[in-house]
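Reader: I am new to this one. Could you walk me through it, step by step?

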Amino acid sequence: MLDREFFLGFIKIHILYHASKEPIFGVEITEELGRHGYNLSPGTLYPVLHRLEKAGYLESTSEVVNGRMRKYYETTGEGKHALEESKKRIKELVTEVLEDK
Ligand SMILES: [Zn+2]
């Protein structure tokens, strides 16, 4: 579905944004995106995280929490650069689409 493709782009930007503030893990991301109205299954989220990591936008570290391995993701310098580029485009998009000039 086409709208799914749009949302995946938005989701990636949310992830890069939040992971640039502090390291985040999967469940946290799912909850955060849920607050924004995205209902994300692990089957959707994890491939997105992997792609962002493979592209060099995120890096992960594993930590044992309550006896279980937890993977934290953080935005890399390259990811921050991509985020800044996205911000410019978001601004432009919002100006055009929402303000309807
Ligand atoms: Zn967000």
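**A first look around**

Author: Gladly! From the N terminus on, the elements run α-β-α-α-β-β-α, with helices (H or I, at least four residues) and strands (E, at least two) taken as DSSP runs numbered from the N terminus. This is a predicted model, where local features need pLDDT of at least 70, side-chain atom pairs count only at pLDDT 80 or more, and totals for chains, interfaces and linings use all residues. Residues are numbered from 1 along each chain as its sequence is written, and side-chain values use heavy atoms, with hydrogens and water left out.

Reader: Which residues coordinate the zinc ion?

Author: Donors are N, O and S atoms within 2.8 Å of the metal (3.2 Å for Na, K and Ca), and water is not among the atoms, so sites may look incomplete. The donors here sit at 2.1 to 2.5 Å from the zinc ion. In sequence they follow the spacing H-x3-H-x13-E-x3-H. They are His14 (ND1), His18 (NE2), Glu32 (OE) and His36 (NE2).

Reader: Is the arrangement of the four donor atoms around the zinc ion tetrahedral or irregular?

Author: Four donors count as tetrahedral if all angles lie between 85 and 135 degrees; four count as square planar and six as octahedral if opposite donors are over 155 degrees apart and all others between 65 and 115; anything else is irregular. Around this zinc ion the angles run from 77 to 134 degrees, so the arrangement is irregular.

Reader: How do helix 2 and helix 3 lie to each other, roughly parallel or roughly perpendicular?

Author: Axes are lines fitted to C-alpha atoms, for helices over the stretch in contact, and angles run from 0 to 180 degrees between N-to-C directions. Helix 2 and helix 3 pack at about 115 degrees, their axes 11 Å apart. Angles under 35 degrees count as roughly parallel, over 145 as roughly antiparallel, 65 to 115 as roughly perpendicular and the rest as oblique. Helix 2 is therefore roughly perpendicular to helix 3.

Reader: Is Val48 buried or exposed?

Author: Val48 belongs to helix 3, and beyond its neighbours within four places in sequence it is in contact (heavy atoms within 4.5 Å) with Leu8, Lys12 and Ile15. Buried means under 20% relative accessible area, exposed over 50%, partly exposed in between (1.4 Å probe, protein chains only). Val48 has 2% relative accessibility, so it counts as buried.

Reader: And how exposed is His36?

Author: His36 lies in the loop between helix 2 (26-35) and helix 3 (42-54). Its relative accessibility is 41%, so His36 counts as partly exposed.
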